[in-house]
Amino acid sequence: MTKRVLLIVGGGIAAYKASELVRLLKKAGHSVRCVMTEAAHHFVTPMTLAALSEDKVYTTLWDLKDEAEMGHIQLSRQADLIVVAPATADLLAKMAAGIADDLATTLLLATDTPVHTFPAMNVRMWRHPATSRNIAQLRADGVTVHDPDEGAMACGEYGPGRLPEPTAILAAIEAHFAAPSPASAQSIGRLSGRHILVTAGPTHEPIDPVRYLANRSSGKQGFAIAGALAAFGARVTLVAGPVTLATPAGVDRIDVQTAREMAEMVEKSLPADAAVMVAAVADWRAEAPLDQKIKKAAGGTPTLHLTENPDILVTLATSPHRPRLLIGFAAETEDVIPHATSKRTRKNVDWIVANDVSGPPGQSVMGGDANTVHLVTDTGVESWSRMDKTMVATALAARIADALDA
Ligand code: C5P
């Protein structure tokens with residue numbers, strides 16, 4: 001579906017990536033119109049953006065001919081989405097304060113079109129309390145602020161502040177367009193008539209009546225995926241481990257505690273057109289859970305003997321009722337993409353959605369609201385920029401709809 005994107009290019013070294021973003025947006029069938037700040041001219045030329053966007057590039061508020069032909073109000077009104085990439089610290093500060101002293105900031109203040117910003121700046125500028133304040137303000141104002149990537153910076157430092165790769169920015173833009181909001185009602189019904197199975201949450205493996213083995217999975221990503229699939233019109237069966245989340249609208253939920261119960265309920269819920277196995281299933285369980293609480297024995301520490309749980313995903317992959325599209329998740333703390341890629345072939349699944357769950361409790365993906373995922377398919381790896389779990393869910397639901405339609 002063709003959309004009109006107004007791309008505001010800020011003045012930072014990452015502005016060179018804007019050219020590639022324009023190319024990708026055009027290739028994806030969207031129309032792109034570019035606005036550059038004064039500072040952006042030092043990093044990329046209007047000629048490059050004009051050639052790639054096949055349109056005039058707008059740079060100044062004081063070009064009277066432009067104001068007559070295409071005022072700043074119309075510029076933003078004629079767009080389905082405004083993207084600011086790279087969004088410099090200065091541009092974000094002006095937006096947060098409502099300053100309108102050039103074409104870019106004036107149209108940002110004058111618009112009610114959704115705005116997605118992709119900050120890029122030196123790591124110290126990113127971490128400065130002023131920038132954090134401005135970003136919090138923008139988010140409170142309803143502007144979507146994507147987190148920058150982490151890595152080596154042009155200034156020689158290392159840390160968060162890099163502009164995500166243009167492919168990742170495109171994925172975030174497509175996720176916005178795919179969101180089942182009134183603005184993109186095309187998504188509603190795309191999965192009607194399909195049955196999709198989703199697992200989510202951790203499992204609890206009892207040791208005795210009061211103790212169990214578990215992990216930090218909150219179930220948020222799986223529940224968001226179940227909700228997005230239902231919003232796209234699918235009949236969704238959600239087999240959920242023990243979590244404290246509300247059932248998303250239109251989803252049939254089956255609650256379980258252990259991996260073996262989850263395996264049984266997944267089996268019973270077949271056939272399905274697709275299965276998205278998001279649950280962080282415990283790999284092991286206590287070999288012989290006790291009926292009575294284990295007492296603190298004088299002078300002795302009990303030994304816990306573990307045994308392996310069934311791998312639900314592998315069982316499903318080899319089942320005669322294997323869903324046409326089988327998607328696994330991979331929570332990794334190192335070498336995320338190589339592990340996910342080998343998991344895809346080893347487990348005989350179609351896609352693996354890999355995420356990096358390293359980080360201390362409370363700051364990791366597990367339990368948090370945002371996620372950075374890599375979609376590993378038979379055609380390669382797509383790294384999506386960091387986004388809300390609900391956005392990841394919508395983007396994935398859109399990809400599932402594409403795959404089942406193919
Ligand atoms: O091998 P690993 O546990 O990392 O694989 C993760 C993927 O496999 C996830 O999709 C998870 O839901 C699924 N899984 C499963 N049953 C298990 C272990 C993992 O379905 N016992």
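How many salt bridges are there between domain 1 and domain 2? The count is zero, a salt bridge being a side-chain nitrogen of Lys or Arg within 4 Å of a carboxyl oxygen of Asp or Glu. This is a predicted model, where local features need pLDDT of at least 70, side-chain atom pairs count only at pLDDT 80 or more, and totals for chains, interfaces and linings use all residues. Residues are numbered from 1 along each chain as its sequence is written, and side-chain values use heavy atoms, leaving out hydrogens and water.

View 1. Six strands line up as E3-E2-E1-E4-E5-E6, with parallel pairing. (Strands pair if DSSP finds at least two bridges between them; strands, E, of at least two residues and helices, H or I, of at least four are DSSP runs numbered from the N terminus.) E3 (57–58) and E6 (144–145) sit at the edges with a single partner strand each, so one side of each has no neighbour in the sheet.

**View 2. Where E5 meets E6.** Two bridges join E5 (residues 115–119) to E6. Look for His116 opposite Thr144 in E6.

**View 3. The domain interface.** The domain assignment, automatic or from a database, gives domain 1 (4–178) and domain 2 (184–290 + 300–405). Here 11 residues of domain 1 are in contact with 12 of domain 2 (heavy atoms within 4.5 Å). Together the domains bury about 880 Å², 61% of it on carbon and sulfur atoms; that's accessible area (1.4 Å probe) lost on being put together, summed over both. On the domain 1 side, Asp147, Ala175 and Ala178 lose the most area, together 48% of what that side buries.

Terms used: Buried area is the accessible area (1.4 Å probe) that two parts lose on being put together, summed over both.
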